[in-house]
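Please view the structure before reading on.

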Amino acid sequence: LPFTTFVHDMGVTANHLIFMVPPWTVDPLDTLNFLAGVKAYGTMFKWTPEKGTWVLIADRNDLTKLHRVRLPEAVSLYHIISAHEDEVEGTGTPRLTLNVARHIGSRAKLEKSFANMYDAFFEEDQECEAWQYTFTRTSAGASAGAATEWSYASSTKVETAYPFELPDVNPGTFCEGTPARYAFVNALTGRDGNNGLYHDRRRACRRSCSRYDDVPLLREYGE
């Protein structure tokens, strides 16, 4: 890892594991306060965007082929939605696609709410929006058999009907290495606030579906 941080999830494709590493960091010197029993470890995290958000790409079979790519901007997230690999049409260039639930607002504000769930009030900017990141693999040299490396290619915001969190996909997609057509999420569908308990809102809105293809949509199911 490029720094001491908190990584909660990963993307799995047919041949790779993908980790997105946000700059929610702990200064190594502050760790002494934790070891001395002065502070709880979780209270020492700080948002440090100057350190950047990094993507680590590992070979799924043996973890030896590890690449580290820095994104153009600092990104906060907990959850990966899905990941898959294919080739760029027309060129045959290997490509990795990573769909993530990216935090809308301040990471510090979100963590403050999670620190006291009984009194927390979650607002729209503490939810997520969907973003898609792509990475392409190119040869580092011109000769046949030259070393290859992954590089950042693009990032795109995927429009959804509501802010959301806790995405799920059919687990068979990463077992088979195929793209996930649907992501199931919980969503903040009301606009009059909530009861302050995140898990209650989750139960109320779990029957929602967000589709990631040409026309994203979120559908609510009745009882």
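Two strands count as paired if DSSP finds at least two bridges between them. In this predicted model, strand β2 (residues 16-21) and β5 run antiparallel and are joined by six bridges.

Is β5 buried or exposed? Six of the six residues of β5 (residues 54-59) are buried, so the strand is largely enclosed by the rest of the structure. Buried means under 20% relative accessible area. In a regular strand, side chains alternate between the two faces of the sheet. In β5, W54, L56 and A58 point one way, while V55, I57 and D59 point the other way.

The structure holds one cavity of 30 Å³ or more.

| Space | Volume | Lining by class |
|---|---|---|
| Largest cavity | about 40 Å³ | seven nonpolar, one polar, one charged |
| Second largest pocket | about 210 Å³ | five nonpolar, two polar, two charged |

Among the residues lining the largest cavity are F6, H8, D9 and M20. Strand β7 (residues 77-87) supplies the largest share of this lining, three residues. The second largest pocket is lined by residues including F6, W24, R107 and E111. Helix α2 (residues 107-115) gives the most to the lining of this pocket, with four residues.

Notes:
Residues are numbered from 1 along each chain as its sequence is written. This is a predicted model: local features need pLDDT of at least 70, side-chain atom pairs count only at pLDDT 80 or more; totals for chains, interfaces and linings use all residues. Side-chain values use heavy atoms; hydrogens and water are left out. On a 1 Å grid over the protein atoms alone, a cavity is a set of points where a 1.4 Å probe fits but cannot get out, and a pocket is an open set with protein on both sides within 12 Å along at least five of seven lines; lining residues have an atom within 4 Å of a point. Grid points are joined across faces, edges and corners, and a volume is the space filled by probe spheres set on the points. Helices (H or I, at least four residues) and strands (E, at least two) are DSSP runs, numbered from the N terminus. Ala, Val, Leu, Ile, Met, Phe, Trp, Tyr, Cys and Pro count as nonpolar, Asp, Glu, Lys and Arg as charged, and the others, Gly among them, as polar. Buried means under 20% relative accessible area, exposed over 50%, partly exposed in between (1.4 Å probe, protein chains only).
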